[in-house]
Amino acid sequence: MSRVRSPRMLHRLERWTPVAVAVTVLSLTASGCVVVHGEREVLPATTPAEAARALDQFTAAYNRADRAYDSSLDADYVTGALGAIDAARLKAGRVNNPGGNPAHTPLTLTDAKFTIPKKAGWPRWFVADAKGNKGGNVRWLMVFLRYGLSEKWKVAYLTLVAPRKVPEFKKDADGLAEAIPANTTELAMAPRDMSQAYATYLQKGGKTFAPGAHTTGWREQRARNASRPGLARQYIDQPVTDGAFAPLALRTADGGALVFFTTRHYEKQTAAQGTTVPTPNKNVQALTTGEIRQSLTMEFFSNQVALAPPRNAGGPSGPQVSVLARVQGLTSARGA
């Protein structure tokens, strides 16, 4: 018996779809000639045409949900960090505006570019890079993933990145990118370790991450907030790496990787004796349980995109991970 490896031919002809492959595999197996194991075969995650449809479907669902402030309208198209952030945002909006979003402006995404890796096993995933009409002059960098042929493509990661910061990806002759295993030893930091390393860095500092707005800048901002009289602030940072929150990485042209990863953060505000915590805004109040008297504890999910250089990269501080962008959202709060 022989095994067929034909993603290059199928990609070039642009006739490949996951359903077509599944049907082909079944018919060939029934004939007793060829066996293709989908869970082991290295295949393109999707085609450019299907990726474009997935982006259109996500945008339409996002706009329906945002217009009505109803998370059920896009729940089938978001997951992971974005799913947690989006559901909380819509919940708060619904509490404050039961009739829907009075400031709704439809999201439009243009000039879309798709980076499609080839890999074995599930989940399959790809990256969409598009210009949005919100957020200023940035690119909307989104990771779509799914765990089976019958599932819809869902966006797990969404970050807003300056155009000049989106790296060039390594691609083969068919234009397909390379997905990097989470446990690789080829990078300055393995993708599977990045969430924990970032949480530790935010607490203790160090040289693991390069200086920037989302590293040294964020730590400095926290230090300033913590020193304000009358209101103490404490921070807890935690890694999140399971399921749709797992890190995903693509090989860049310089041999490094672009890594998407998630973290969870808590901020506790405690008022000085004889005073109360300042009243938070309406969106925070909408997600708060308990009565806010002496303290307010807020939970946030944050999804980051970072550049991990090759393990042997130089530099005065050694190879450091650079966090390019971060999108954070409040998911719950508790008063006491």
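Residues are numbered from 1 along each chain as its sequence is written, and side-chain values use heavy atoms, with hydrogens and water left out. Because the model is predicted, local features need pLDDT of at least 70 and side-chain atom pairs count only at pLDDT 80 or more, while totals for chains, interfaces and linings use all residues.

**Helices α3 and α4**

Helices and strands are DSSP runs numbered from the N terminus (helices H or I, at least four residues; strands E, at least two). The axes of helix α3 (residues 48-68) and helix α4 (residues 80-96) come within 9 Å and cross at roughly 30°. Axes here are lines fitted to C-alpha atoms, for helices over the stretch in contact, with angles from 0 to 180 degrees between N-to-C directions. Helix α3 is therefore roughly parallel to α4 (angles under 35 degrees count as roughly parallel, over 145 as roughly antiparallel, 65 to 115 as roughly perpendicular and the rest as oblique). On the α3 side, the contact (heavy atoms within 4.5 Å) is made by F58, Y62, A65, D66 and A68, and on the α4 side by L82, D86, R89, L90 and R94. These residues divide into six nonpolar, no polar and four charged. In this division, Ala, Val, Leu, Ile, Met, Phe, Trp, Tyr, Cys and Pro count as nonpolar, Asp, Glu, Lys and Arg as charged, and the others, Gly among them, as polar.

T59 is also found in helix α3. At 11% relative accessibility, T59 counts as buried (buried means under 20% relative accessible area, exposed over 50%, partly exposed in between, with a 1.4 Å probe and protein chains only). Leaving aside neighbours within four places in sequence, T59 is in contact with L107 and L109.

**Aromatic pairs and charges over rings**

The structure holds eleven aromatic pairs. Rings of Phe, Tyr and Trp (its six-membered ring) pair if their centres lie within 6.5 Å; planes under 30 degrees apart count as stacked, over 60 as edge-to-face and the rest as tilted. Two of the pairs are tabulated below.

| Pair | Geometry | Centre to centre | Between planes |
|---|---|---|---|
| F114 and F126 | edge-to-face | 6.2 Å | 70° |
| Y198 and F209 | edge-to-face | 5.4 Å | 65° |

F114 lies in strand β2 (residues 109-115) and F126 in strand β4 (residues 124-132), twelve residues apart. F114 is partly exposed at 21% relative accessibility, whereas F126 is buried at 0%. Ring pairs also link F58, Y62, F114, F126, F144 and W153 into a cluster.

Y198 belongs to helix α5 and F209 to the loop between α5 and α6 (216-226), so their pair ties together parts eleven residues apart in sequence. Y198 is buried at 0% relative accessibility, and F209 is buried with a relative accessible area of 2%.

The charged end of R124 sits over the ring of W122, 4.8 Å from its centre; that of R222 sits over the ring of W218, 4.6 Å from its centre. The criterion is NZ of Lys or CZ of Arg within 6 Å of the ring centre and within 35 degrees of the ring normal.

A197 is placed in helix α5. A197 and F209 are 8.9 Å apart, C-alpha to C-alpha, and twelve residues apart in sequence.

A190 is in the loop between β7 (177-178) and α5 (191-204) and is buried, with a relative accessible area of 10%. Not counting residues up to four places away in sequence, A190 touches A182, N183 and T184. A190 and P247 are 57 residues apart in sequence and 9.7 Å apart in space, C-alpha to C-alpha.
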